[in-house]
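Below are a few friendly points to read alongside the structure.

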Amino acid sequence: MLKLDKKDMRLFIIVALMTILAPFILNPFPEGSGLAQFNAGYPDLMQRFVIFGIFAIGFNILFGLTGYLSFGHAAFLGVGSYAAIWMMKLLTMNVIPAIIASVAIAGVFALVVGFISLRRSGIYFSILTLAFAQMSFAMAYSVLTPITGGETGLQPKVNDPRILDAALAPGATPSAGLFGLEMRDSYELALGNWLFTFNFGYYFAAALMLVAFYTSMRIFRSPFGMMLRGVKSNQQRLNYTGLNSKPYTLAAFVISGMYAGLAGGLLVAMDTQVGPERMFWTASGEVVLMTILGGAGTLIGPVLGAGFIKYMENIISKINESILHQWFYWLPDGLEDLVVGMIYPFIGKGWHLTLGIMFMLVVIFLPGGLVEGGQRIGRWVRGKGRKADATGDKKSTASTPAE
Amino acid sequence: MGILEVQNVNKRFGGLQALDRVNLNVEAGTVHAIIGPNGAGKSTLLNCFVGRLTPDTGSVMFDGKSLLGRKPHEINQHGVSRVFQTPEIFTDLTALENVMIPAFAKRDGAYKLNPFARVAGESEIRDKAEEALKDVQLADKRHQHAGEMSRGDKRRLEMAMCLVQEPKLLLLDEPTAGMARADTNRTIDLLKHIGETRGITKVVIEHDMHVVFSLADKISVLAQGHVIVEDVPENIKGHPKVREAYLGEAQV
């Protein structure tokens, strides 16, 4: 089924179940309990998990497979967002045209940027993509104000043309939807002390994330994907083997640009506004962090990395000093202040510090990212089982290196 | 007429005349060895055949077509494969994948953007690759990562990557450098064996005279960028000009 081998199929089913059951999985703590602040199962954050998951999956097709490190992928995210918002202004608040336009226009833009940037490799390629993204940011901020709304950005207004929609009543706010269902529609389910929210926007984005994930799996297992790994491993050998690496790298660049455009379009579908800061270089850096943290070149790594970073950003940053005092109230007064003072730099606005430390630990001890961590634990558990059998140490050879 | 014809090739790097009016004529189906002391221009000459370097003047004709100004992948698609002095392989990939890539290149051309085809469904390519690995005695290591192989295995793997393409011309840059005697003999046998069954023309650069005289049908001796002698092996042994090139002039 789906033309995946057994192992991939299992992974895909696990990912599909996790996304479908996310409102339960991410809300393990009952409402009102002290740990409820660690719940991540609210629509806004769940949407971010899957949208940035898409962004990172696409980035991984370029960086994980070919090794070309783009430092300007936020530009495609931004272009996708602007394209989507214009569709909402001109055509309809239905998200379908917005999503299609965001993918298509980001793809065309990626074709141009990729064609020029891929003339160089290594650090020069990274710098070229960074330059393009910063140029896009600066232009969106200034000279392109008529198209981008400049500093204030864009959002759909009541009096936009929207030629496919019926006119809105004055004073109504246009909201994005899909054939009558609105992205912000939610169904809340209370079970005892627990409250689970099922948001339509989340499930729409999650469905597209699963399509994106499946597509990336197929690319990884195709001859095309094998050539891309060849580019990363030894581009010179690839050329002397009769293969022109340029069309391969350019195709990978455009595909990953389209993924970024899709993510940008979805951001607009969930929250109908966009500003130039979405293209700022820190946003490009974030997707690099997500991919490396999760495990570059692995299938599931980028999704884990995106989830991890978005969780930190939204949860760790919400913890403040008074919450810390609540946690440590049982300590003697002086000691309580000391402990709180020591932890304080790592929470709230200091979540970047925590992220930085985590990132360093992962890069130093787990170069393969969180996925490698998982694999090590798996091997350790299996190793224990095997020792019990006393079957001797059979050397395990990895037949699918890019799992 | 030869399958590879090199006429009057010159290449200068700054003040160094690396290749000086080189002429070479390689007959189809033969093994042609190029020998010469270090710095004689052997590797430079090979680089001119595969598109890594372009000669300043002269012509390189292969199978009736000029190779000059062509990109490496175009030259390979014409039927020229090369084994490098230090093995150039895909170290992050398995041995089998290493050989499947050239097999794809042979079948599908310089590029084929097929992101939804499945490697698992390409049994024809896989069979070819496994056969090539068997030819170089690496069949049982096909799932090993190429980067983790021994140097000798890497060389044999690179050989399999070239052989799976069934090239018309195989360029070998010191295929036995750094090999133990037993490995060297195995490589000689392999090269002889593929010569008989597939009729591949081979150009070999080699320092090891044992290899040269076991394999070559014809030998060109290169010294200071110039071909000083081109003859059959029997006449090269003990040729005064060859001695001079290797040992220096008698007066010194």
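**Notes on cysteines and the A–B interface**

1. A reminder before the details: this is a predicted model.

2. Cys162(B) is buried, at a relative accessible area of 3%. Cys48(B) is buried too, with a value of 1%. Over all chains, the count of disulfides is zero.

3. How much area do chain B and chain A bury between them? The figure is about 3200 Å², with 62% of it on carbon and sulfur atoms. On the chain B side 40 residues take part, in contact with 29 residues of chain A.

4. The polar side of this interface deserves a look as well. There are 21 residue pairs in polar contact across it, and two salt bridges. A salt bridge joins the side chains of Glu97(B) and Arg229(A), at 2.8 Å from N to O.

5. Which elements of chain B supply at least two residues each to the side that touches chain A? They are helix 2 (72-77), strand 6 (80-83), helix 3 (95-108) and helix 5 (151-163). Helix 3 of chain B gives the largest share, six residues. By class, this side of chain B has 21 nonpolar, ten polar and nine charged residues.

Terms used
Residues are numbered from 1 along each chain as its sequence is written. Chains are lettered from A and ligands numbered from 1 in the order in which they are written. This is a predicted model: local features need pLDDT of at least 70, side-chain atom pairs count only at pLDDT 80 or more; totals for chains, interfaces and linings use all residues. Side-chain values use heavy atoms; hydrogens and water are left out. A disulfide is a pair of cysteine sulfur atoms within 2.5 Å. Buried means under 20% relative accessible area, exposed over 50%, partly exposed in between (1.4 Å probe, protein chains only). Contact means heavy atoms within 4.5 Å. Buried area is the accessible area (1.4 Å probe) that two parts lose on being put together, summed over both. A salt bridge is a side-chain nitrogen of Lys or Arg within 4 Å of a carboxyl oxygen of Asp or Glu. A polar contact is a pair of N or O atoms within 3.5 Å; within protein, one must be able to donate a hydrogen and the other to accept it, and residues adjacent in sequence count only if both atoms are side-chain atoms. Helices (H or I, at least four residues) and strands (E, at least two) are DSSP runs, numbered from the N terminus. Ala, Val, Leu, Ile, Met, Phe, Trp, Tyr, Cys and Pro count as nonpolar, Asp, Glu, Lys and Arg as charged, and the others, Gly among them, as polar.
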